[in-house]
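Here is a friendly walk through the contacts in this model, from single residue pairs to whole interfaces. Have a look at the sequence and structure first.

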Number of protein chains: 2
Amino acid sequence: MAITSIKEALAGAVSSGGEITIQGWIRTRRDSKAGISFLNVHDGSCFDPIQIVVPKELANYEETVLQITSGCAVTITGTLVQSQGKGQSFEIQATQVTVVGWVENPDSYPIQPKPHTVEFLREVAHLRPRTNLIGAVTRVRNTISQSIHQFFNENGYCWIHTPIITASDCEGAGELFRVSALDMQNLPRTEQGNIDFSQDFFGCESFLTVSGQLNVEAYCLAMSKVYTFGPTFRAENSNTSRHLAEFWMVEPEIAFADLKDVIQLAENMLKYVFNKVLSERADDMDFFAKRVEKTAISRLQHILESQFVEIDYTDAIKILQDSGKKFEHPVSWGIDLQTEHERFLSEEHVKAPVVVSNYPKDIKAFYMRMNDDNKTVAAMDVLAPGIGEIIGGSQREERLDKLDLRLDEMGIPKESLGWYRDLRRYGTVPHGGFGLGLERLVSYITGVANVRDVIPFPRTRRNAGF
Amino acid sequence: MAITSIKEALAGAVSSGGEITIQGWIRTRRDSKAGISFLNVHDGSCFDPIQIVVPKELANYEETVLQITSGCAVTITGTLVQSQGKGQSFEIQATQVTVVGWVENPDSYPIQPKPHTVEFLREVAHLRPRTNLIGAVTRVRNTISQSIHQFFNENGYCWIHTPIITASDCEGAGELFRVSALDMQNLPRTEQGNIDFSQDFFGCESFLTVSGQLNVEAYCLAMSKVYTFGPTFRAENSNTSRHLAEFWMVEPEIAFADLKDVIQLAENMLKYVFNKVLSERADDMDFFAKRVEKTAISRLQHILESQFVEIDYTDAIKILQDSGKKFEHPVSWGIDLQTEHERFLSEEHVKAPVVVSNYPKDIKAFYMRMNDDNKTVAAMDVLAPGIGEIIGGSQREERLDKLDLRLDEMGIPKESLGWYRDLRRYGTVPHGGFGLGLERLVSYITGVANVRDVIPFPRTRRNAGF
């Protein structure tokens with residue numbers, strides 16, 4: 001028995017009037033007085049469910065069809081015909097309806113055919129992919145993720161699986177999760193009374209990575225064009241809609257490259273992804289534009305038509321100061337830009353994506369390349385209308401003497417970065433890259449504001465058990 | 001200045017006699033008595049370096065070119081010409097040689113142009129991608145990883161990023177790494193003196209995932225075709241060449257499917273990947289066949305031409321017992337097959353990939369579907385000639401009553417699997433999938449025996465600091 005996906009069925013996969021079998025889950029059942037039932041069935045392959053028309057003449061109509069509720073799993077065979085109703089291309093006139101899996105106690109089934117709040121859906125994370133909203137997020141997230149790999153693969157980049165468990169907290173990027181196989185009830189101690197991590201699995205203190213960048217630089221200085229795409233972790237207890245403890249990050253790194261090359265790469269990659277999403281997930285994006293964020297489609301289209309505008313940080317500060325706007329966070333040279341500043345620059349000042357570059361060294365990481373002014377580093381942030389910073393990157397300090405100066409300045413012990421400093425000894429070249437948080441991007445593209453709603457299994461107080 | 005990759009240059013990207021600029025790292029320099037230097041330059045884009053012919057007439061010949069050593073980073077402009085030497089398609093007659101990054105103290109540079117042992121290279125993991133061996137592994141690993149995504153994407157699967165940090169050890173698949181943000185020196189205690197994990201980051205004990213399967217099943221029962229592809233972790237102190245504490249795993253899951261469908265999916269996916277590797281990485285595979293494992297190419301070709309042969313576990317036991325072979329581990333119904341058994345079946349008995357199915361329930365996990373004999377479960381392993389088990393999968397127990405029986409039998413508390421059991425209450429359907437370890441597959445395809453040599457940053461006693 002050949003199965004047709006609902007996506008193919010709605011596209012008229014078999015010629016009208018041909019026999020077809022589909023499988024999926026019931027979204028709604030409606031019975032007409034004339035003795036016809038209408039079933040809406042989804043299978044995850046596309047946004048729209050397909051409508052099944054079931055005549056009461058079916059042998060199991062009373063006993064089965066009239067018992068069907070939302071969430072039941074069904075196999076349906078019938079004739080694919082052009083739909084009379086508007087908004088639907090094709091529907092199926094059923095000749096056979098089989099329930100594969102019933103819903104035990106339909107009244108308590110959490111996914112009823114009515115709007116649910118996102119807060120409620122987080123509590124039933126294992127069932128929420130059956131909803132319109134999370135189904136659409138899942139498909140769009142997939143298309144974004146796939147298109148990121150496609151972009152880099154088509155352009156000759158190697159995907160490097162940098163370590164998830166790491167011994168170094170070089171970045172100082174935030175609170176770390178510790179990884180250990182020690183027995184917490186009976187921790188081994190050194191003579192001094194400290195915990196003896198030499199007895200732990202890796203023979204030293206270990207953490208979850210906050211970024212694969214330092215590692216991927218080593219591969220960049222051998223393979224020229226590389227990227228990581230994997231999970232990263234921050235143990236920051238900032239319970240906002242924009243922060244996750246566990247999130248996926250994309251980090252490309254290119255050799256023989258300066259900040260301009262990194263900026264160009266960021267623009268090319270974002271536009272590639274936006275194009276793919278608009279063309280491959282038009283149905284889901286349509287839903288987001290109608291129900292979640294009116295500008296979901298138009299703002300992507302606008303970015304695709306725009307040139308990214310580069311503004312020097314020092315100029316950006318001047319623009320903000322001269323704007324006459326009252327900001328919550330006062331503006332002066334040396335501050336880190338806040339979301340309100342970033343959004344003003346991209347939404348009001350240039351009305352397009354803005355790339356702010358050459359930030360003060362004191363607000364940036366040790367590995368960013370010192371500019372000749374000795375005050376700023378070759379860093380850049382891409383600010384997009386409607387969200388603010390979406391990409392952060394830099395040219396890296398490839399000169400060992402300058403890197404060491406910065407390490408000393410910031411009090412970072414050189415021993416911990418022996419291998420990283422080594423790279424500057426042996427055939428070092430200008431290089432750089434950026435980081436892009438996947439969930440941030442999915443949230444931006446879909447308009448779904450809370451990043452907890454674009455990951456598969458958010459934890460809440462009541463459902464921590466995944 | 002437009003840069004050409006060495007891959008494109010060797011393919012004759014510019015018409016012979018045209019000007020070209022390449023960038024990369026020196027592998028070797030050789031000087032002829034006639035006053036010509038030959039530089040071999042690699043940039044990671046392909047296996048072969050390109051040969052640069054440098055005449056002594058170059059302005060910086062004495063002062064620069066004759067100082068060049070292995071590992072220096074260079075930018076070279078010249079004329080692309082057909083090579084006179086054999087084995088090389090094109091070479092460059094240099095008109096300009098610039099050293100971008102020197103090698104400080106060439107005698108101590110670890111990557112000399114001579115064979116190194118894999119043990120030595122593990123100690124210089126940050127520089128080893130510049131070698132022929134690790135460069136080739138990196139490109140092949142990339143092609144394998146990309147082709148896995150391509151296969152699933154082309155076939156309508158959604159990539160699901162299942163959680164890395166998890167609260168459940170349901171699988172009982174082995175020793176777990178604990179993840180914690182607690183202060184290890186001052187652990188909070190409950191009144192009973194136990195560690196108070198309610199004060200930890202997630203409010204409960206948390207671990208690194210050993211598999212995304214249970215989570216991905218929830219998405220399978222909404223999206224129909226899904227897969228995970230991410231890092232998984234086992235804190236097993238088995239220090240063999242086949243085990244890693246951190247490794248990437250691919251886990252597809254399909255709905256409305258039985259064990260036969262799962263087996264077919266495994267065969268289709270493996271063949272798709274093998275085809276991509278042979279066609280896209282012919283240069284690297286040629287190297288592996290010449291230098292690492294003679295059958296590297298031929299055994300993939302053989303599998304591509306073979307039908308996978310399915311053998312029932314019970315029949316496999318009989319075949320092994322009747323083989324007249326003396327095995328180290330004695331054979332009887334109920335044992336888990338050892339590598340020697342697996343290799344006999346695939347290499348000697350059928351001389352092709354073998355799929356052993358329907359294993360005794362006592363050696364398999366709780367979630368595998370009970371067969372009607374109540375003794376075996378719908379599990380399968382794909383055994384490949386030359387390595388043994390490469391894929392393990394099963395149909396899942398979709399019937400709640402049977403699942404609960406197994407949980408009771410195995411003493412697994414039902415509360416911990418509330419959401420998983422829920423899936424069997426609401427529109428459950430037959431479904432199944434498999435798991436494939438990426439590093440295992442890379443090791444098999446390249447012939448590089450130790451999985452530590454197919455990951456980017458192996459840890460050793462001396463280089464634990466990544």
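## A salt bridge between the chains

Arg425(A) reaches across to Glu104(B) and forms a salt bridge, with 2.9 Å between the closest N and O atoms. Please keep in mind that this is a predicted model, and that a salt bridge here needs a side-chain nitrogen of Lys or Arg within 4 Å of a carboxyl oxygen of Asp or Glu. How many salt bridges does the rule find across the interface of chain B and chain A? It finds two. Polar contacts across that interface come to 33 residue pairs, with both residues at pLDDT 80 or more.

On the side of chain B that touches chain A, helix α3 (residues 132-154) of chain B gives the most, with eleven residues. Sorted by class, that side of chain B has 58 nonpolar, 33 polar and 13 charged residues.

## The area the chains share

What does the contact between the two chains involve in terms of residues? On the chain B side, 104 residues are in contact with 104 residues of chain A. Together, chain B and chain A bury about 8700 Å², and carbon and sulfur atoms account for 62% of it.

Within chain B, the residues that lose the most area to chain A are His161(B), Met184(B) and Tyr426(B). Those three together make up 10% of what the chain B side buries.

## How the copies are related

In general, two copies of a chain are related by a rotation about an axis and a shift along it. For this pair, chain B is superposed on chain A by a rotation of 180° with 0.0 Å of shift along the axis, and the RMSD is 0.0 Å. Why speak of a two-fold axis here? Because a rotation of 180° with 0.0 Å of shift is the relation of a two-fold axis.

Where does chain B come nearest to that axis, going by C-alpha atoms? The answer is Val179(B), whose C-alpha lies 2.5 Å from the axis. Both copies use the same surface, as 100% of the contact residues of chain B recur in chain A.

## Two domains within chain A

Chain A is also divided within itself, into domain 1 (6-101) and domain 2 (132-173 + 210-453). The C-alpha centres of domain 1 and domain 2 of chain A are 45 Å apart. Five residues from domain 1 of chain A and seven residues from domain 2 of chain A take part in the contact.

Between these two domains of chain A, about 540 Å² is buried, with carbon and sulfur atoms giving 47% of it. On the domain 1 side, Arg27(A), Cys46(A) and Phe47(A) lose the most area to domain 2 of chain A, together 77% of what that side buries. The count of salt bridges between domain 1 and domain 2 of chain A is zero, while four residue pairs are in polar contact there. By class, the domain 1 side that touches domain 2 of chain A has two nonpolar, two polar and one charged residues.

## Salt bridges overall

Over all chains, the rule counts 51 salt bridges. One of them joins the side chains of Asp381(B) and Lys364(B), at 3.7 Å from N to O. This pair links distant parts of the chain, 17 residues apart. Asp381(B) sits in strand β14 (residues 376-384) of chain B, and Lys364(B) in the loop between β13 (354-360) and β14 of chain B.

Terms used. Residues numbered from 1 in each chain as written. Chains lettered and ligands numbered in written order. Predicted model: local features only at pLDDT ≥ 70, side-chain atom pairs only at ≥ 80, totals over all residues. Heavy atoms only, no water. Domains from an automatic or database assignment. Contact = heavy atoms within 4.5 Å. Buried area = accessible area lost by both parts, 1.4 Å probe. Polar contact = N/O pair within 3.5 Å; in protein donor to acceptor, adjacent residues only side chain to side chain. Nonpolar A, V, L, I, M, F, W, Y, C, P; charged D, E, K, R; others polar. Least-squares fit on C-alpha atoms with pLDDT ≥ 70 in both. Helix = DSSP H or I, 4+ residues; strand = E, 2+ residues; numbered from the N terminus.
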